[in-house]
Amino acid sequence: MRVESEPMAAIPTEPIGSIPRPPGLVAALATLPGTDPGLDPLYEEAIRDTIERFEATGSPVVTDGEQRKFHNFWTYCVHGLPNTDAEGFKIPFALGHTRQMPRLTGGPFRYRRYADSYLEAARRYTERPVKQAVISPSALSLMYPAEEIAGYPREEFIRDLLDEHETEVRRCLEKGAYKVQVDFTEGRFAVKVDPSGDLLHSFIDLNNLALSRFSDADRERLAVHTCPGGDLGSTHSAEVDYAELLPSLFELKVGSFYIALAGEKDRRHVLRIIRDHQKPHQRIFVGVISPIDSRLETPEEVRDRVLEAAEYIPVERLGTTDDCGFSPFCDDTSTTRDTAFAKIAARVRGTALASERLGFS
Ligand SMILES: [Zn+2]
């Protein structure tokens, strides 16, 4: 119950994760492997500058901009594994390009690096809460080939995968992540690949197997991000109706959901689905900024999008975010850092304007 002497906190606003890398870092990565120690000064400067610019936007929660995810949000933890080849699962994007992940060629499956190392580096530069994104078990499950690997059955791979994911999330929680966001871009894509919904449901079940290993208190800090993809100005599954995804998505055992909304053709249609299917304990962060739209949103436009969402989602369970990261793949330079931070500043300001309008102090 609201007590007059204790004003309600404003509507929370959080980023998704990635920020375009500085051009010097992108150029260096074109000639050197991402793990080359010679890149360390460039990474450190990129992280320091990213966090400084995040803070300058007024963003209450920051990230390292994924500056050290030197390939992408999807395979950062497995890139360079010796028991893989290049012939893995492909995601085609609407404007014609594809992205491909490595394929597992043998067991055992182990991560090469855990995301808590990024978190640790970021926290050296800020006192603000730092959010950490990790890849979902379901995305990495696509590394296992269609034909069974001799001597390493799929069931054993899934056990190893869940163990590795759990380890990564626990390490992030222990190192003080404000939230650990599981990136689940393949959720909507799964409905495109398999309209029966079977693939999506298998993804939800797999991710819930992992999430079940955490306590209720931990799961309050766990979150899921869904989007139609956002790479080189393009999406991979925007044509899939959210009605096919969101009811299942809300079965995931996490406290917060980050849902791309700004780029949707019919936002109210999506908001109605959220209203009808979200569960009472879930906080919904709706996307109010479109990273793949070169046009800069105004704070007033963001404010109006928040007010629109508040017609469907109780304000005490509403938050705002960007539709996606600004550069989920490291080599995507289609958006500048200046544009990304200007859009984030508009989100922060617009969310504050909406909070005022809704009577938050
Ligand atoms: Zn996304």
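Which residues of helix α3 (residues 116-123) are buried? Select the helix and look for Asp116, Tyr118, Leu119, Ala121 and Ala122. Keep in mind that this is a predicted model.

Stop 1: An α-helix has 3.6 residues a turn, so residues three or four places apart point the same way.

**Stop 2: Glu168.** Move along to helix α5 (residues 154-174), where Glu168 sits. Glu168 is buried, yet it has no salt bridge. Select Lys69 as well: it is the nearest side chain of opposite charge, and it lies 6.8 Å away. A salt bridge needs a side-chain nitrogen of Lys or Arg within 4 Å of a carboxyl oxygen. Next, show what surrounds Glu168. Leaving aside neighbours within four places in sequence, its contacts are Tyr76, Tyr111, Arg113, Tyr114, Ala115, Val134 and Ile135.

**Stop 3: the sheet.** Switch to the cartoon view. 6 strands form an open sheet with parallel pairing, in the order β5-β6-β7-β8-β9-β10. β5 (131-135) and β10 (318-322) stand at the edges; each has a single partner strand, so one side of each is left without a neighbour in the sheet. From one strand to the next, the twist averages 30°.

**Stop 4: β6.** Select residues 179-183, which make up strand β6. 5 of the 5 residues are buried, so the strand is largely enclosed by the rest of the structure. In a regular strand the side chains alternate between the two faces of the sheet. In β6 both faces are covered: Lys179, Gln181 and Asp183 are buried on one side, Val180 and Val182 on the other.

Now look to either side of β6. 5 bridges join β5 to β6, and Ala133 has Gln181 as its bridge partner. 4 bridges join β6 to β7. Here Asp183 stands opposite His225.

**Stop 5: β7 and β8.** Continue to β7 (residues 222-226). 4 bridges link β7 to β8 (residues 256-259), and the two strands run parallel.

**Stop 6: the zinc ion.** Which atoms coordinate the zinc ion? Show NE2 of His225, SG of Cys227 and SG of Cys324; they lie at 2.1 to 2.3 Å. Along the chain, the donors follow the spacing H-x1-C-x96-C. Finish by colouring on accessibility. His225 has 3% relative accessibility and so counts as buried. Cys227, at 2%, also counts as buried. The cut-off for buried is under 20%.

Conventions: Residues are numbered from 1 along each chain as its sequence is written. This is a predicted model: local features need pLDDT of at least 70, side-chain atom pairs count only at pLDDT 80 or more; totals for chains, interfaces and linings use all residues. Side-chain values use heavy atoms; hydrogens and water are left out. Two strands pair if DSSP finds at least two bridges between them. Axes are lines fitted to C-alpha atoms, for helices over the stretch in contact, and angles run from 0 to 180 degrees between N-to-C directions. Buried means under 20% relative accessible area, exposed over 50%, partly exposed in between (1.4 Å probe, protein chains only). Lys and Arg count as positive and Asp and Glu as negative; His and the chain ends are not counted. Contact means heavy atoms within 4.5 Å. Donors are N, O and S atoms within 2.8 Å of the metal (3.2 Å for Na, K and Ca); water is not among the atoms, so sites may look incomplete.
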